[in-house]
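Please look at the sequence and the model first.

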Amino acid sequence: MDEDTPLLVIVDGANVVGSVPDGWWRDRKAAAERLRDRLATDGLPGRTHPVEIVLVVEGAARGVESVPGVRVDSAPGSGDDRMVELVAEAGGRPSLVVTADRELRRRVTELGAEVTGPRSVRG
């Protein structure tokens, strides 16, 4: 893999949004939009190399639009399944999945992705 290839960062929108009890459940789409905007502004704190950020949303958060710096992927079904697909489609490209979901962590690490928790993007 080319060292100039940006790290693929796949963010589990539901898991990251749900990691802080700030009223996100009242409007899941707006909560996902706030996360998207924070990612677009802050990127991945602590990373000095280029990253490509993909925010995966599902359920009531579907329909959130992409913005420069963050591609939003509205999972047609399970967000977890979509994130596993994205890692598999990356074909060995360095990937980092942001989630605290244990089963998802297991599934993506089996495909070679690294994993970090929601705090890494919550600031």
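Which unit do E4, H4 and E5 make, and what is its hand? E4, H4 and E5 form a right-handed β-α-β unit. A crossover counts as right-handed if, with the strands pointing away from the viewer, the path from the first strand over the helix to the second runs clockwise.

## Basis

The model is predicted: local features need pLDDT of at least 70, side-chain atom pairs count only at pLDDT 80 or more, and totals for chains, interfaces and linings use all residues. Residues are numbered from 1 along each chain as its sequence is written, and side-chain values use heavy atoms, with hydrogens and water left out.

Helices (H or I, at least four residues) and strands (E, at least two) are DSSP runs, numbered from the N terminus.

## Strand E4 and its partners

E4 pairs with E1 in parallel through 4 bridges. E4 also runs parallel to strand E5 (residues 114-116), with 3 bridges. Two strands pair if DSSP finds at least two bridges between them. Val97 of E4 stands opposite Ile10. In E5, Val115 is the bridge partner of Val97.

Ser95 and Val97 point one way from E4, and Leu96 and Val98 the other way. All four are buried. Buried means under 20% relative accessible area, exposed over 50%, and partly exposed in between (1.4 Å probe, protein chains only).

## Ends of helix H4

Asp101 caps the N-terminal end of helix H4 (residues 102-110). A side-chain oxygen of Asp101 lies 3.0 Å from the backbone nitrogen of Glu103. After H4 comes Gly112, with a positive phi near 100 degrees.

## Nonpolar cores

The largest nonpolar core has 21 residues. Such a core is a set of buried Ala, Val, Leu, Ile, Met, Phe, Trp, Tyr and Cys residues joined through side-chain atoms within 4.5 Å. Val9, Val11, Leu35, Leu39 and Leu55 have the most contacts inside this core. Strand E1 (7-12), helix H1 (13-17), helix H2 (28-42), E2, strand E3 (70-74) and E4 each give two or more residues to the core. H2 provides the largest share, 4 residues.

Beyond its neighbours within four places in sequence, Leu55 is in contact (heavy atoms within 4.5 Å) with residues including Val11, Ala32, Leu35, Leu39, Val70 and Val72. A second, separate core has 14 residues, among them Val56, Ala75, Leu104 and Ala113.

## Salt bridges

The whole structure holds 10 salt bridges. A salt bridge is a side-chain nitrogen of Lys or Arg within 4 Å of a carboxyl oxygen of Asp or Glu. One network links Glu52, Arg71, Asp73, Arg82, Glu85, Glu89 and Arg93. Within helix H3, Arg82 is buried at 15% relative accessibility. Not counting residues up to four places away in sequence, Arg82 touches Val56, Asp73, Ala75 and Glu89.

Arg93 and Glu52 form a salt bridge, with the closest N and O atoms 2.7 Å apart. The pair links distant parts of the chain, 41 residues apart: Arg93 in the loop between helix H3 (79-89) and strand E4 (95-98), Glu52 in strand E2 (residues 51-57). Arg93 is buried at 17%; Glu52 is partly exposed at 28%.

Arg107 and Asp81 also meet in a salt bridge, at 3.0 Å, N to O. Arg107 lies in helix H4 and Asp81 in helix H3, so the pair ties together parts that are 26 residues apart in sequence. Arg107 is partly exposed at 24%, and Asp81 is partly exposed at 37%.

How values were computed:
A polar contact is a pair of N or O atoms within 3.5 Å; within protein, one must be able to donate a hydrogen and the other to accept it, and residues adjacent in sequence count only if both atoms are side-chain atoms.
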